Structures are given as structure tokens and as C-alpha cells.
Amino acid sequence: MISRLKTIFPEDWQYILDVYMRFLASTGAKVYNEDLLLVLIEIGVKLGERLFQLHPNGFVEIGCGLSIPSLTLAKLGHTGGIAIDVDPKVLSYAEKIRDHLGCTLEFQCSDIFKNRPKLKDGDLLIAEKPTSYKKSILEVEYNIRNWCAIERHNLALIPSYINTDTLDSYSERCAKYEKKMKQVGFKVENEKVCDELPFRWLIAIK
């Protein structure tokens, strides 16, 4: 059931879906089932809504793609956010959604491996299903987790479900990330996001 997307964006959810589909078509990607795309968007909306409830000082979403979590935070009224991606094309589509919604969200086109964003105390780093053209997904996730553990940044991570994953291996990886963040003093939520897909979120707050 797609509930939060249509609740938070009652007049705009169809537009968001249409932009998502246009972006995928522009990349030459295979045509996705519309129901699956709605679930993927719903995951980002649910994460953004949960993060809004935590009242972060500010937030930075890295590898943001269409930046659904950040746009949700902005739609709900959080104006201190930045969404970063290395791909100017995907950011142009994210900007279309932002402008249609009329909300405040700053976009930056940058390679975070060359120019790591600076976070202030109390800021939140968001990474929804992170990927990279330079590194393996597991290496990216490991680097993000260590970055936040060492520099004491709040973290919201939805690990990617990769080709070699099983439900058990994915859950075990999430549990390892949770354990590491708890070991350095964070409170961690490790919860399944939806029934349709295996994704879990890890929200680690100081």
C-alpha cells in the first residue's frame, strides 16, 4: 500500500512518479513496473518523514539521485538541507520536482570522494541505497558508516540490496552496521521499511 507518498504529496505524487519515469527513460534503463517505482518512491518518502520527526539541525543527502528523502523533508518544512549528486542530469530532474513542489532545497553537483561535504554538529548525513561509479557498493557503505562513526555525524542509511545478497546476508550486514554505530555511542533504529521489498533503514543518532 502506497500511503505516505499520497498522504504527504496528495496533489503531486503523480507528477513525482512521471518525472521518475522520464528520468529512467532518459538513461536508457529498462521500463520499470509502475507499482515497483511507487514502492521505491514510498521508501524514500517514509525515510524523509521519519527523519523530519527527529528534527535534525540540518541535513546533507549524498548520492541523492532524485532526492526523495530530502524533498520530503523540505515539503514538510525543513529548510536547511542540501542534496548532492555527481550526475547533473539526475539533479536537473530533482530540481523539476522541487520547483513543482515550491519547497526549499539546495542542490549541489559534486563528487563527494573528491570534495567531502562539511557537516555541522547535529547535522544528519543521508544515504539512500548508495552507489558509486568508482567503488563497490559495499565499499561505499563501509566508508559512509566509518565517516559518521569517526566524525560523530548522525546517519540515515538504507543499504543497497546487491546481486549477491540474500535476505539473511542483507539483514546480517545491517546488523553489523548497527553494532558498529552502537559501539561508538549512537542510538540506532534498524527497521524494515516496507513489506514489498527487503530494504531496511539504519538511523543512528548521537
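**Exercise 1. The lining of the largest pocket**

Task: Determine which helices and strands each supply at least two residues of the lining of the largest pocket, and state how the lining residues divide by class.

Solution. 

Step 1. Each supplying at least two lining residues of the largest pocket are helix 2 (13-27), helix 3 (34-53), helix 4 (68-75), helix 6 (137-151), strand 1 (59-62) and strand 2 (81-85). Helices (H or I, at least four residues) and strands (E, at least two) are DSSP runs, numbered from the N terminus. The model is predicted: local features need pLDDT of at least 70, side-chain atom pairs count only at pLDDT 80 or more, and totals for chains, interfaces and linings use all residues. Residues are numbered from 1 along each chain as its sequence is written, and side-chain values use heavy atoms, with hydrogens and water left out.

Step 2. Helix 2 gives the largest share of this lining, four residues.

Step 3. In total, 41 residues line the largest pocket, and Gly63, Gly65, Glu128, Lys129 and Thr131 lie nearest its centre. On a 1 Å grid over the protein atoms alone, a pocket is an open set of points with protein on both sides within 12 Å along at least five of seven lines, a cavity is a set of points where a 1.4 Å probe fits but cannot get out, and lining residues have an atom within 4 Å of a point.

Step 4. The lining divides into 26 nonpolar, nine polar and six charged residues. Here Ala, Val, Leu, Ile, Met, Phe, Trp, Tyr, Cys and Pro count as nonpolar, Asp, Glu, Lys and Arg as charged, and the others, Gly among them, as polar.

Step 5. The volume of the largest pocket is about 1100 Å³. Grid points are joined across faces, edges and corners, and a volume is the space filled by probe spheres set on the points.

Step 6. Lys129 lies in the loop between strand 4 and helix 6. Although Lys129 is not a glycine, its phi is positive, about 50°. With 21% relative accessibility, Lys129 counts as partly exposed (buried means under 20% relative accessible area, exposed over 50%, partly exposed in between, with a 1.4 Å probe and protein chains only).

**Exercise 2. The cavity**

Task: State which residues line the largest cavity and how they divide by class.

Solution. 

Step 1. The count comes to one cavity of 30 Å³ or more. The largest cavity holds about 40 Å³ of space.

Step 2. Its lining consists of Leu155, Leu157, Tyr177, Glu178, Met181, Val188, Leu202, Ile203 and Ala204.

Step 3. By class, eight lining residues are nonpolar, none is polar and one is charged.

**Exercise 3. Salt bridges**

Task: For the pairs Glu178 and Lys182 and Asp121 and Lys206, state the distance between the N and O atoms and the place of each pair in the chain.

Solution. 

Step 1. The structure holds 10 salt bridges (a side-chain nitrogen of Lys or Arg within 4 Å of a carboxyl oxygen of Asp or Glu).

Step 2. Glu178 and Lys182 meet in a salt bridge at 2.9 Å, N to O. Both lie in helix 7 (residues 167-183), and because they are four residues apart, about one helical turn separates them. Glu178 is buried at 16% relative accessibility, whereas Lys182 is partly exposed at 45%.

Step 3. In the salt bridge of Asp121 with Lys206, the closest N and O atoms are 2.8 Å apart. This pair links distant parts of the chain, 85 residues apart: Asp121 is in the loop between strand 3 (106-109) and strand 4 (124-128), and Lys206 is in the segment after strand 7 (200-205). Asp121 is exposed at 63% relative accessible area, and Lys206 is partly exposed at 39%.
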